[in-house]
Amino acid sequence: MLGCAHSLPADRGRAVVESMVDQQTAEESQAQLLLRIAAQDAQALAEFYDLTAKPLFSLAVRILGDVSEAEEVIQDVFVQIWKNAPSFDPLLAPAFHWALSITRHRSIDRLRSRQRRARLIENLETDAAANAPASAGADQDALAAEDTAAVRATLGTLPAEQRRVIEMAFFGGLTHQDIAKALNEPLGTVKARIRRGLLKLRDSLSPNA
């Protein structure tokens with residue numbers, strides 16, 4: 001019974017780390033797709049559509065309250081993504097958040113075209129901003145204490161440079177760019193340390209570790 005009690009925090013911690021790894025991988029994959037879209041790669045646009053269209057459509061429906069209009073907005077959104085992909089900067093926001101911002105703005109523009117009252121528009125803009133997906137660091141701040149206890153305990157097993165950047169990113173709420181500036185390190189070095197550290201954490205928290 002004691003062994004089972006001890007394994008529960010590790011199991012929860014391992015799930016948290018898996019989520020961190022998945023999130024990191026998804027953001028990197030989506031950023032690469034936008035780089036390919038910027039080079040006029042139509043297949044990349046199709047792949048990005050498959051990954052993001054459903055949540056973008058849900059946001060448009062929530063703002064507009066109309067499925068047909070939301071469908072038209074999403075069509076326009078992906079036209080804008082195709083045209084504006086060269087302006088995407090992964091240092092400013094993850095790829096999905098960038099697409100989400102385009103969707104929000106296009107949806108609100110659609111409301112303006114209906115000549116809705118200015119107060120309704122203002123309220124929707126405020127609501128959309130308040131409910132935008134959080135950054136990786138904020139996501140981790142929202143985790144319950146019991147979910148992160150095992151992760152924090154296992155951080156001590158990592159090399160100091162990996163432990164530090166993971167703490168700054170996932171528990172300190174800093175972006176990769178912020179960490180690179182704070183440590184005076186190349187951005188690529190920071191990202192590599194975070195990935196290596198997360199993979200080591202996952203291995204440490206695996207049942208057979």
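These questions and answers walk through a predicted model, from its salt bridges to its cores, helix packing and loops.

Q: How many salt bridges does the structure hold?
A: Side chains of opposite charge can pair when their charged atoms come close. Here a Lys or Arg nitrogen must lie within 4 Å of an Asp or Glu carboxyl oxygen. By that rule, the number of salt bridges in the structure is seven.

Q: Which residue meets Glu-28 in a salt bridge?
A: The N to O distance of this pair is 2.9 Å. The partner of Glu-28 is Arg-195.

Q: How many residues apart are Glu-28 and Arg-195?
A: Glu-28 sits in helix H1, residues 2–38. Arg-195 sits in helix H10, residues 187–204. The pair links distant parts of the chain, and the separation is 167 residues.

Q: Is Glu-69 buried or exposed?
A: Glu-69 forms a salt bridge with Arg-110, at 3.4 Å from N to O. Buried means under 20% relative accessible area. Glu-69 has 16% relative accessibility, so Glu-69 counts as buried.

Q: Which helices hold Glu-69 and Arg-110?
A: The side chains of Glu-69 and Arg-110 meet in a salt bridge. The pair ties together parts that are 41 residues apart in sequence, because Glu-69 and Arg-110 lie in separate helices, H3 (residues 67–84) and H4 (residues 95–113).

Q: What is the N to O distance between Asp-76 and Arg-106?
A: Asp-76 is in helix H3 and Arg-106 is in helix H4, 30 residues apart. Asp-76 is partly exposed, at 26%. Arg-106 is partly exposed too, at 30%. Their side chains meet in a salt bridge, with an N to O distance of 3.3 Å.

Q: Which element gives the most residues to the largest nonpolar core?
A: This core has 29 residues. Among those with the most contacts inside it are Leu-34, Phe-48 and Leu-56. Elements giving two or more residues are H1, H2 (42–64), H3 and H4. The one that gives the most, with nine residues, is H2.

Q: How many residues does the second, separate core have?
A: This core stands apart from the largest one. Its residues include Met-168, Ala-169, Ile-179 and Ile-194. The size of this second core is 16 residues.

Q: Which residues are in contact with Leu-56, leaving aside its neighbours within four places in sequence?
A: Leu-56 is one of the residues with the most contacts inside the largest core. Contact here means heavy atoms within 4.5 Å. With the sequence neighbours set aside, the partners of Leu-56 are Ile-74, Phe-78, Phe-96, Ala-99, Leu-100 and Thr-103.

Q: Is Thr-52 buried or exposed?
A: Thr-52 lies in helix H2. Beyond its neighbours within four places in sequence, Thr-52 is in contact with Gln-30, Phe-78 and Phe-96. Its relative accessibility is 0%, so Thr-52 counts as buried.

Q: Is the crossing of H2 and H3 left-handed or right-handed?
A: Residues of H2, including Ala-42, Phe-48 and Leu-64, meet residues of H3, including Val-67, Ile-74 and Trp-82. As H2 passes H3, the crossing is right-handed.

Q: Where is Gln-40 found?
A: Gln-40 has a positive phi of about 65°, although it is not a glycine. Gln-40 is partly exposed, with 49% relative accessible area. Its place is the loop between H1 and H2.

Q: Is Asn-184 buried or exposed?
A: Asn-184 has a positive phi of about 55° and is not a glycine. Asn-184 sits in the loop between helix H9 (176–183) and H10. Exposed means over 50% relative accessible area. At 71%, Asn-184 is exposed.

Notes. Residues are numbered from 1 along each chain as its sequence is written. This is a predicted model: local features need pLDDT of at least 70, side-chain atom pairs count only at pLDDT 80 or more; totals for chains, interfaces and linings use all residues. Side-chain values use heavy atoms; hydrogens and water are left out. Helices (H or I, at least four residues) and strands (E, at least two) are DSSP runs, numbered from the N terminus. Buried means under 20% relative accessible area, exposed over 50%, partly exposed in between (1.4 Å probe, protein chains only). A nonpolar core is a set of buried Ala, Val, Leu, Ile, Met, Phe, Trp, Tyr and Cys residues joined through side-chain atoms within 4.5 Å. A crossing is left-handed if the near helix is turned anticlockwise from the far one by less than a right angle, and right-handed if clockwise.
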